[in-house]
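Q: I'd like to learn how to read salt bridges in a model like this one. Could you take me through it step by step?

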Amino acid sequence: MATVQAATMIQPGEIALREYPKPEVADDALLLKVSAVGVCGSDKHMFTGKMNLDWPVIPGHEFSGIVESIGPRANDSMKVVGGPLKEGDAVTVVPGTQACGKCWYCIHVPHRPQLCPNRSVFGFRTSAEAPHLFGAFSEYVYVPGDAFVLKLPKGLSLERAAMTEPLAVAQRAVSRALAPGIPYAGEGFGAGSRCAVMGVGPIGLFVVASLRNMGAGDIIALDLSDARLEFSEKLGATRTVNLSKLSREERKEQVLSWTDGVGPDVVIEAAGVPSAFEEGLDLVRRGGKLVEVGHYGDPGGVEIRPHQICNKDVDIFGSWAYPQVQFETVLDMLSRTTLPIDDIITHRMPLSQVQAGIEITGTGDCLKVILTPGE
Ligand SMILES: [Zn+2]
Ligand SMILES: [Zn+2]
């Protein structure tokens, strides 16, 4: 019997290659041969025990691949962009399955499907039951009939397409600051808006690139690493602040000096550090917008002065995941952008190196690790 190798997290701190039977596809499903899969900060959180999941789990939610086999009804049952799908097509798949359509959130706020508690997400879902392959740190992913699958635009590489998911997180965070129709009135993000990004790790860098692609004016990047700050300039940042070189007061003065003394129109917190949220609130101008996209994990709290929120008349937005269709706008950006977005990938490793890939993520000069199970 043919088998599939998949990196399986048995429990936090323990990940190993396991063999699974290669599944037959159901009429409405497809089997995807994984070409490239990104290692995410949340995979590291999973590995270090900061996530309560139903083990074992095959991680991997940022992926692209080739359709290996497809059931005769898959094109009818799945949501497909750029279809119909056939064997050999290069695709990416939204890791979150469709919302249930029946819960309180689905009934009352259907435009926010990521709030549905009944979704499951590839890479976080248990692999205990057949067909097991619900994460992309694997040679194959089993894509069930309720999936959202997008054919890659011509000319877009499978490797670049593996960045669709984290870029969707970033693009959605920027979208939260939009106020359709009225950016000219100084409300919401629009052409020429002055922005600040707290933290330019992978998500912060994707935020910078999204802001640039969406017409931002000045983009101020704040981080502790000179290497990251330099790279953020290649993706569109126009000013940088190294947090380790200036005191809190000094950097506020610096940012104010670049923004007519009022502060940025939009501040996006992507560091995942509670104090960065508080500092972002301090920096954003009165009447501006503050978006929180860095805290997918929960590292604790920070003291907030409610007076500041009230007095600034500020809008504060959380950003959690994205609607599935965000993948379509991201693929469009990935295939058009002239920014050197591939340079976010600092490490390429075979599946057998998965543990090293997780361990190196978030350290030193590492930005994005891509695993290549298909090789
Ligand atoms: Zn991720
Ligand atoms: Zn629901």
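A: Gladly! A salt bridge here is a side-chain nitrogen of Lys or Arg within 4 Å of a carboxyl oxygen of Asp or Glu. Keep in mind that this is a predicted model.

Q: How many salt bridges does the count come to by this rule?

A: The rule gives 16 salt bridges. One of them pairs Glu68 with Lys22, with the closest N and O atoms 2.8 Å apart. This pair links distant parts of the chain, 46 residues apart. Glu68 belongs to strand β4 (residues 62-70), while Lys22 sits in the loop between β2 (14-21) and β3 (30-39).

Q: Are Glu68 and Lys22 buried, exposed or partly exposed?

A: Buried means under 20% relative accessible area and exposed means over 50%, with partly exposed in between. Glu68 has 29% relative accessibility, so this residue counts as partly exposed. Lys22 is partly exposed because its relative accessible area is 29%.

Q: Which helices does the salt bridge between Arg248 and Asp282 tie together?

A: The closest N and O atoms of Arg248 and Asp282 are 3.5 Å apart. Arg248 lies in helix α8 (residues 248-257) and Asp282 in helix α9 (residues 274-283), so the bridge ties together parts 34 residues apart in sequence. Accessibility sorts the two partners: Arg248, at 30%, counts as partly exposed, whereas Asp282, at 14%, counts as buried.

Q: What is the N to O distance between the side chains of Glu279 and Arg251?

A: Their side chains meet in a salt bridge at 2.7 Å, N to O. Glu279 is in helix α9 and Arg251 in helix α8, so this pair ties together parts 28 residues apart in sequence. Both Glu279 and Arg251 are buried.

Q: Which residues are joined into one network by salt bridges that share partners?

A: Arg248, Lys252, Glu278 and Asp282 form that network.

Q: What is the nearest side chain of opposite charge to Lys312, which is buried yet has no salt bridge?

A: That side chain is Asp282, 4.9 Å away. Recall that a salt bridge has to fall within 4 Å. Lys312 is found in helix α10 (residues 306-312).

Q: Where does the side chain of Lys312 reach, then?

A: It reaches the backbone oxygen of Leu281 at 2.8 Å. Setting aside neighbours within four places in sequence, Lys312 has contacts that include Leu283, Val284, Arg286 and His307.

Key. Residues are numbered from 1 along each chain as its sequence is written. Chains are lettered from A and ligands numbered from 1 in the order in which they are written. This is a predicted model: local features need pLDDT of at least 70, side-chain atom pairs count only at pLDDT 80 or more; totals for chains, interfaces and linings use all residues. Side-chain values use heavy atoms; hydrogens and water are left out. Helices (H or I, at least four residues) and strands (E, at least two) are DSSP runs, numbered from the N terminus. Buried means under 20% relative accessible area, exposed over 50%, partly exposed in between (1.4 Å probe, protein chains only). Lys and Arg count as positive and Asp and Glu as negative; His and the chain ends are not counted. A polar contact is a pair of N or O atoms within 3.5 Å; within protein, one must be able to donate a hydrogen and the other to accept it, and residues adjacent in sequence count only if both atoms are side-chain atoms. Contact means heavy atoms within 4.5 Å.
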